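Open the structure in your viewer and follow along. Each stop says what to select and what is there.

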Amino acid sequence: MSTNRLRGAPIDWPKHRAAALFVLPALVIYCLFVIYPLASSLWGSLFEWRGFRMRGFVGLDNFARLFVEPSWTKLSGAFTHNVFWFFGIMVLQNGLGLIFAYLLFLRGRGTAFLQSVFFFPAVLSPVIVGALWRLLLTPDGAVESLLHSLGLLEGRLTILGDSTWALWVLIAVDAWNWMGLPVLIFTAGLRQIQPEVFEAARLDGAGNGRILWSIALPQLVPSISSLTTLTFINTFNQFDLVYVMQGVQGNPNFATDTLVTYFFRLAFGAEGAVGITDIGLALALGTLLFLLLTVVTIGLLRFFERRTVRL
Amino acid sequence: MTNLDVAQRIRQLPGWIVLALWALVVAVPLYILIVSCFKTTAEIYGDKFGLPTSWTLDNFANAWTQAQFARYMWNSFAVTGGAVILTLVVSAMAAFPLSRYQLGWSSPVLAFFLAGVMLPIRLASVELFTLMKTLDLLDSRLGLIFVYSAIRIPFAVFILANFMRVLPKELEEAARLDGAKEWRILFRIILPTIKPAVAIVAIFTAIAVWNDFFFPLIFIFDDDYKTVPLAITTFIGQFRTDWGMVVAALAISMMPVLVMYLLLARQIREGVGATGGLK
């Protein structure tokens with residue numbers, strides 16, 4: 001627009017109007033159903049709420065209430081579970097995924113079929129995945145029979161009801177669900193590395209493990225970056241698997257509770273024995289989670305940006 | 001085959017075993033799900049891994065009629081189809097001028113859209129619920145279509161704009177000189193040339209919408225409007241002992257995605273490799 005003016009050309013109003021009309025529908029839908037609710041949720045966290053009705057301005061009161069009992073136990077528990085979930089997925093899903101991707105990469109392009117098999121669970125709904133594994137893992141289910149016949153277990157399989165194991169079972173199911181993602185992203189990343197780099201290392205006598213660690217990994221930083229960021233966002237938004245497999249309370253005894261299931265209970269009235277809705281608390285939790293997600297995501301992207309090897 | 005080849009094969013063997021093991025870990029649960037659909041509930045409890053002694057379609061029939069899966073499938077198809085079409089049309093319209101006109105204001109608008117790719121919209125569900133109530137869009141397929149489109153628009157605009165930007169200018173100049181309208185240029189010339197991008201957006205939107213149960217969970221109360229994933233969550237509790245019907249319901253609900261995956265596995269793999277994800 002400004003360059004046009006400098007050249008003395010008149011502003012092409014019809015063009016701008018046409019462009020605006022084209023952009024408008026998408027912009028209106030996006031603003032109305034995403035930006036507006038998000039912005040008013042952030043703003044609303046500073047107010048007192050009676051049910052779904054907004055009352056007076058209370059500043060940071062809702063936030064303060066989050067950090068005292070009875071909320072504090074739930075909040076810190078859920079946060080800890082999300083942190084475990086993040087690191088569990090980083091190791092179980094992304095670590096194993098890197099190894100699978102490297103093995104597929106070394107075996108060349110005839111491995112598309114295996115890649116498709118590995119990725120298939122990722123197109124399934126977490127509801128289907130959760131329900132399927134819940135059936136497989138019930139006492140007297142398929143996993144129990146398998147462990148019995150392998151002699152690894154006697155008696156009933158009760159890990160989903162066991163507060164030390166349930167969370168890790170969910171993390172493993174989540175990794176099963178999304179394993180194809182790191183495999184695809186890492187294979188795509190490995191194929192972008194120049195073949196000469198691998199040949200030179202091989203001529204120097206480096207083994208496959210060493211090549212992966214010292215040659216490939218430093219060049220895979222962009223892949224690692226996007227996977228770490230995606231994993232962070234997804235694990236801190238974790239809700240579906242918990243809801244389907246363990247219920248909205250994160251059974252047993254809140255052992256699988258996450259920040260979003262806690263948020264959901266506060267917002268939609270399933271917290272506590274009588275089902276209390278506490279919108280103020282829910283919005284404060286949502287705002288904190290929003291800030292956490294934004295700050296850490298930007299931080300992660302910056303961190304990896306500086307470590308990207310440029311050729 | 002020389003000795004070197006043989007040695008090479010043998011050295012690759014452990015790796016192949018690892019890969020085959022994971023393929024089994026993926027395939028066996030799905031295999032159990034599929035064969036269980038054709039067994040009676042008694043047999044599902046008895047023999048988990050074998051093929052059915054007598055194949056039965058009763059489970060499908062029960063799920064389809066007794067549990068009303070026909071209705072839930074229709075709701076899911078309507079919502080998914082509607083969301084894919086709405087997302088594609090409005091995103092293509094927005095991406096077109098933003099990527100191909102000299103406007104001076106397109107970068108900030110694109111950045112504003114792009115920010116939406118990462119926004120945790122679930123955290124806004126309280127205010128979204130109030131909004132839907134005000135607009136009378138609770139218990140409504142149309143309401144779900146709007147919300148899903150709003151969530152998928154950022155990704156769609158981003159992908160479509162990136163593909164449109166690199167097209168040669170001559171593509172539409174000739175048509176414009178012939179007096180073609182802008183919407184005609186977009187839908188008749190630009191979009192057909194970027195079919196791969198349109199396909200990626202359509203596939204990813206369809207999968208994300210088909211699979212979601214969070215928004216139906218908070219917006220849908222009437223059984224008439226439930227989508228498949230939401231129906232399943234209520235279903236597992238309700239028919240917990242009737243495993244035959246539950247597995248049949250799971251199998252039915254994954255069928256459309258399975259068919260799509262068998263047809264489009266390569267596009268989906270390449271799309272994920274290039275754009276970074278489905279979620």
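Two residues are in contact here if their C-beta atoms, placed from the backbone, lie within 7 Å. Keep in mind that this is a predicted model.

**Stop one: a helix pair in chain A.** Select helix H4 (residues 71-106) and helix H8 (residues 166-178) of chain A. Their axes come within 9 Å and cross at roughly 45°. That angle makes H4(A) oblique to H8(A). The crossing is right-handed.

Now show the side chains. Which residues of H4(A) meet H8(A)? On the H4(A) side, pick His81(A), Phe84(A), Trp85(A), Gly88(A), Ile89(A), Leu92(A) and Gln93(A). On the H8(A) side, pick Leu167(A), Trp168(A), Ile171(A), Ala172(A), Asp174(A), Ala175(A) and Trp178(A). Colour them by type: ten are nonpolar, three polar and one charged.

Go to Pro70(A), in the loop between helix H3 (61-66) and H4 of chain A. The peptide bond from Glu69(A) to Pro70(A) is cis, with omega near 5°.

**Stop three: the loop between H13 and H14 of chain A.** Select Pro252(A), between helix H13 (240-246) and helix H14 (259-267). The bond from Asn251(A) to Pro252(A) is cis, with omega near -10°. Phe254(A) lies in this loop too. Its phi is positive, about 65°, although Phe254(A) is not a glycine. Phe254(A) has 17 C-beta neighbours inside 10 Å, so it counts as partly exposed.

**Stop four: chain B.** Find Asp139(B), in the loop between helix H6 (125-134) and helix H7 (141-165) of chain B. Asp139(B) is not a glycine, yet its phi is positive, near 50°. With 15 C-beta neighbours inside 10 Å, Asp139(B) counts as partly exposed.

Notes
Residues numbered from 1 in each chain as written. Chains lettered and ligands numbered in written order. Predicted model: local features only at pLDDT ≥ 70, side-chain atom pairs only at ≥ 80, totals over all residues. Axes fitted to C-alpha atoms, helices over the stretch in contact; angles between N-to-C directions. Helix = DSSP H or I, 4+ residues; strand = E, 2+ residues; numbered from the N terminus. Parallel < 35°, antiparallel > 145°, perpendicular 65-115°, else oblique. Left-handed = near helix turned anticlockwise from the far one by under 90°. Nonpolar A, V, L, I, M, F, W, Y, C, P; charged D, E, K, R; others polar. Buried ≥ 20, exposed ≤ 12 C-beta atoms within 10 Å, placed from the backbone.
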